[in-house]
Amino acid sequence: MNASSQAGTSLLKNKVYMRVYSAYATATFGDWFDALAIQVLVGYRWQASPLMLALIPVSIALPGILLGSVAGVAADRLNKLKLMRMCDLLTALLTVLVLFAPSMVWLLPLLMLRAAISTLNVPAQQSMTRSMVREDQLLQATSLNGIVNQGSKIAGPLLGGFALSVLTPQWCILINACLRGCSYLLLLTVKNSEAGQVSSESKGDPEEHVSLRTMWKEGWSFMLRSRLLLNSMLFGLVGALAIQMIDFQFTSLFRIIAPAEESMLGWLVAATGVGAILMIMVMSKMNRGTGYGWKLGTGYALIGVSVGGLGLLQPGVTSLPVLLLGFVLGLGNGMFMITFNYCLQKETPPHMTGRVFGIQSTILSGVMIGAPLLGGMLVQAAGPSRIFLNFGIVIALIGVLGIVFGRVLWPVQKEKSDSSTEQPGKVKVVDT
């Protein structure tokens, strides 16, 4: 029996979903321990240049470009629960290897290999969520996923910062490996039948005989023919181009404005998590029928204001302005992230969810190849403060354009009356 049929009004009553959700929360919490430790290790301990810092997101993004769409097809075609288990186990093992990396020459390939595994995990997790919850619970599920992601930004950096003050970055990396192992063990408690993961032989899935190539083409065809999804992807792409220019240069900035405070970056990330969780809680109560444009645009505008504000900070800055700007950054990030993911979930039929999120991974990974490298070169040439200010203005302007042209980019939809008869393997495009 599908787990969603057992759920009550609240997803908290869906015991199977909550076990999968707990596994996701455990893994995400560990990832933030890891991310902060790697930035401190490379930026403060190894004193890597801005260009070398930019190679970290590039190495993480490259597998997404090569494997993103294929991973989305695999998530729709294969057993999602088994994929998630495999990803957690392999990620834990690779994280242990990261622990012993002596330099960037060893670190970057390991991060690339670990990112390749994560490329499979993201569409599998999103697609599984889509299959486990009812239509009216999608926003709630998206909000819960967002809360754990942003909540880990609070607890992860805070505890990670404490661990870094008494231990080494390697300990934080080891914690991530252990938490990934815990996530794997939690997923082992979920049965295939409970999660709705029945083999194609037993359920007579019409897509059983559809080739991977055909499914891949159907995914791209569906997205390109859906005006709303295409505009959402393009808007996210434009904003991501600007954001990724500076996303991995926060360490470069904080080495100037707080050279003796390694934990200041952790405080910024924690404040970002607080703002994002607050925004997610507010948005979960909002009218789901309201347009996407003003939410996505406002999210980018708030991100731009905070990034520009960080560029204005001077050396020796206290923690208060950093916390305030981080909080605003979190508000914008929470608003954009929840709206964007809910849009993809809501406007995509269940059997296409893995492919659409795989395409999203490919597109955003493509951005992370060129943008961080260009941003690293700009920061190295002009300094981080000036680049943060300029790109903050650009991101804010993109947000304003999204608000102004929201009704054009995200028109109100009129669904076909026969949508309830939609069959797997057949692409349905919503009239706009």
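Student: Which residues does Asn-121 touch, not counting residues up to four places away in sequence?
Tutor: Happy to start there! A contact means heavy atoms within 4.5 Å. With residues up to four places away in sequence left out, Asn-121 touches Met-84, Cys-87 and Arg-180.

Student: What pLDDT does the chain average?
Tutor: This is a predicted model, in which local features need pLDDT of at least 70 and side-chain atom pairs count only at pLDDT 80 or more, while totals for chains, interfaces and linings use all residues. Residues are numbered from 1 along each chain as its sequence is written, and side-chain values use heavy atoms, with hydrogens and water left out. pLDDT is the predictor's confidence in each residue, from 0 to 100. At least 70 is the score of 80% of the residues, and the chain averages 78.

Student: Which residue meets Arg-180 in a salt bridge of 2.6 Å, N to O?
Tutor: A salt bridge is a side-chain nitrogen of Lys or Arg within 4 Å of a carboxyl oxygen of Asp or Glu, and the count comes to two. At 2.6 Å, N to O, the side chain of Arg-180 meets that of Asp-88. This pair links distant parts of the chain, 92 residues apart, with Arg-180 in helix α6 and Asp-88 in helix α3 (residues 80-99). Both partners are buried, and the residue you asked for is Asp-88.

Student: How many residues apart are Arg-180 and Asp-31?
Tutor: Their side chains also meet in a salt bridge, at 3.1 Å, N to O. Arg-180 lies in helix α6 (residues 169-188) and Asp-31 in helix α1 (residues 15-45), so this pair too links distant parts of the chain, with a separation in residues of 149.

Student: Why does Asp-31 count as partly exposed?
Tutor: Arg-180 is buried, because its relative accessible area is 5%. Asp-31 is partly exposed because its relative accessible area is 29%.

Student: Which residues do the salt bridges that share partners join into one network?
Tutor: Start from the bridge between Asp-88 and Arg-180. Salt bridges that share partners make one network of Asp-31, Asp-88 and Arg-180.

Student: How many disulfides does the structure hold?
Tutor: A disulfide is a pair of cysteine sulfur atoms within 2.5 Å. Cys-87 is buried at 1% relative accessibility, and Cys-343 is buried at 0%. The number of disulfides is zero.

Student: Which helix gives the nonpolar patch its largest share?
Tutor: Patches are made of residues with over 30% relative accessible area and no salt bridge; like charges are joined within 9 Å, nonpolar side chains (Val, Leu, Ile, Met, Phe, Trp, Tyr) within 5 Å. The nonpolar patch on the surface consists of Trp-294, Val-400, Leu-401, Ile-403, Val-404, Phe-405 and Val-408, with about 640 Å² of accessible area together (Shrake-Rupley method, 1.4 Å probe; for residues, only the protein chains shown count as cover). One of them, Val-400, is partly exposed at 41% relative accessibility. Four residues, the largest share, come from residues 384-404, helix α15.

Student: How far apart are the C-alpha atoms of Tyr-24 and Asn-145?
Tutor: Tyr-24 lies in helix α1 and is partly exposed at 22% relative accessibility. Along the chain, Tyr-24 and Asn-145 are 121 residues apart, yet their C-alpha atoms are separated by 8.2 Å.

Definitions and conventions. Buried < 20%, exposed > 50% of the residue type's maximum accessible area, 1.4 Å probe, protein only. Helix = DSSP H or I, 4+ residues; strand = E, 2+ residues; numbered from the N terminus.
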